[in-house]
Structures are given as C-alpha cells and as structure tokens.
Amino acid sequence: MNFKLGPGAPRDAVLVASWWLLRESELIAATVDQPSSSAGHGCGSDSFKLPHSTNATQALGNVCTHECACPSMVCPVAGVRRLRRRALDIPRRSGVSSRECIIVSNAAGDIVDKRHMVASCVHIAQLAG
C-alpha cells in the first residue's frame, strides 16, 4: 500500500472519524467549514455537522459536539483542529477556496480515495493492537 496516497495526517484522520463516528466516505468528503469551534475548558469544544452520508440518511444535517480531553493524546478537539489547520494551508498553494477545502487530504493535498482511507484505518488499528 502506498501510504503517500492515504491521509497526510492519518492519526488525526482516524481520531476524528472515531470520535464523530464518521464512515470513511463521510470523512474524505468533509470540508473545513463542517466542524465549528467554541471556547471552553482546555481547547474548548468542536461540533461537526454531517451533510453527507451514503447510508445514514437520518444523520444528514445532524451536529455532534465533543469537549476537550486534553492532555490526552486522543483529544477530539485538538485532532479536528490540527486537521483544519493542515487543510487550510492547502488552498494557499492550490488556489482552492477555504470553504471548498477538504479537511482530510493526502500528502500532496489531493483527495484521499476510500481504499486508501480504509487502508490507513486498518494500519492504525493493527498498530494499536
């Protein structure tokens, strides 16, 4: 498997998908305007709106919020904010508006296909035991 075609930040991609229960297709279609941040304890909270779902039509438009879990390495708020910061660097290089910018891309800033997203999830699960 060519991991250069998988997510550029695989740990954060899997972390966000796990906390927000996102399917790989929902995660790779998510844009930077879907999560929204709020101030609060630690790094605050983040809400994630799900406008795209292949099977869960009842989930469309639903918003799920998680609070900071710092100093844990698996803080969902820190993970989604790292993905957003990384994604917002890409439009400056490629000319894509930040609203259209996908939150998970590969190392080159391109869309990650489902096969490579799944492979990254499996690889991380194997590492975790």
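Reply: First, a term: a residue is buried under 20% relative accessible area, exposed over 50%, and partly exposed in between. Met73 has 65% relative accessibility, so Met73 counts as exposed. Keep in mind that this is a predicted model.

Me: Where is Met73?
Reply: Met73 sits in the loop between β3 (63-67) and α3. With Trp19 and Val74, Met73 makes a nonpolar surface patch of about 320 Å².

Me: Back up a bit. How many helices and strands are there?
Reply: The protein has four helices and three strands. Starting at the N terminus, the order is α-α-β-β-β-α-α.

Me: And what share of the residues counts as buried?
Reply: Of the 129 residues, 42% count as buried. As for the surface, the protein exposes about 7,200 Å². Carbon and sulfur atoms supply 57% of that area.

Me: How many residues are in the largest nonpolar core?
Reply: That core has 21 residues. Val16, Leu22, Leu27, Phe48, Ile103, Val104 and Met117 have the most contacts inside it. The elements giving two or more residues are α1 (10-19), α2 (24-29) and α3 (76-94).

Me: Which element gives the most to this core?
Reply: α1 does, with four residues. The buried residues of α1 are Asp12, Ala13, Val14, Leu15, Val16 and Ala17.

Me: Why would a protein have a core like that?
Reply: In soluble globular proteins, nonpolar side chains tend to be buried together.

Me: New topic. Asn106: buried or exposed?
Reply: Asn106 has 5% relative accessibility, so Asn106 counts as buried. Its place is the loop between α3 and α4 (114-128).

Me: What does Asn106 contact there?
Reply: Setting aside neighbours within four places in sequence, the contacts of Asn106 are Lys4, Leu5, Gly6, Pro7, Gly8, Arg86, Ile111 and Val112.

Me: How many disulfides are there?
Reply: Zero, in a search of the whole structure. A disulfide is a covalent bond between the sulfur atoms of two cysteines.

Me: How accessible is Cys70?
Reply: Cys70 is partly exposed, at 39% relative accessibility. Cys64 is partly exposed too, with a relative accessible area of 32%.

Me: What about the peptide bond from Cys70 to Pro71?
Reply: That bond is cis, with omega near 15°. Pro71 lies in the loop between β3 and α3.

Me: What is the phi of Leu21?
Reply: Phi of Leu21 is near 50°, a positive value in a residue other than glycine. Leu21 is in the loop between α1 and α2. With a relative accessible area of 73%, Leu21 is exposed.

Me: Now a strand. Where does Ser47 lie?
Reply: Ser47 is in strand β2 (residues 45-49). Ser47 is buried, with a relative accessible area of 14%.

Me: What does Ser47 touch?
Reply: Not counting residues up to four places away in sequence, Ser47 touches Gln34, Pro35, Ser36, Val63, Cys64 and Thr65. Ser36 is eleven residues away along the chain, and the C-alpha atoms of Ser47 and Ser36 are separated by 5.2 Å.

Me: Last one. Where is Arg82, and what does Arg82 touch?
Reply: Arg82 is in helix α3. Arg82 counts as partly exposed, at 26% relative accessibility. Not counting residues up to four places away in sequence, Arg82 touches Arg11, Asp12, Leu15 and Met73. That brings us back to Met73, the exposed residue at 65% relative accessibility.

Methods:
Residues numbered from 1 in each chain as written. Predicted model: local features only at pLDDT ≥ 70, side-chain atom pairs only at ≥ 80, totals over all residues. Heavy atoms only, no water. Core = buried A, V, L, I, M, F, W, Y, C linked by side-chain atoms within 4.5 Å. Buried < 20%, exposed > 50% of the residue type's maximum accessible area, 1.4 Å probe, protein only. Patch = residues over 30% accessible without salt bridge, like charges linked within 9 Å, V, L, I, M, F, W, Y side chains within 5 Å. Areas by Shrake-Rupley, 256 points an atom, 1.4 Å probe, with all protein chains shown as cover. Salt bridge = Lys/Arg side-chain N within 4 Å of Asp/Glu carboxyl O. Contact = heavy atoms within 4.5 Å. Disulfide = S-S within 2.5 Å.
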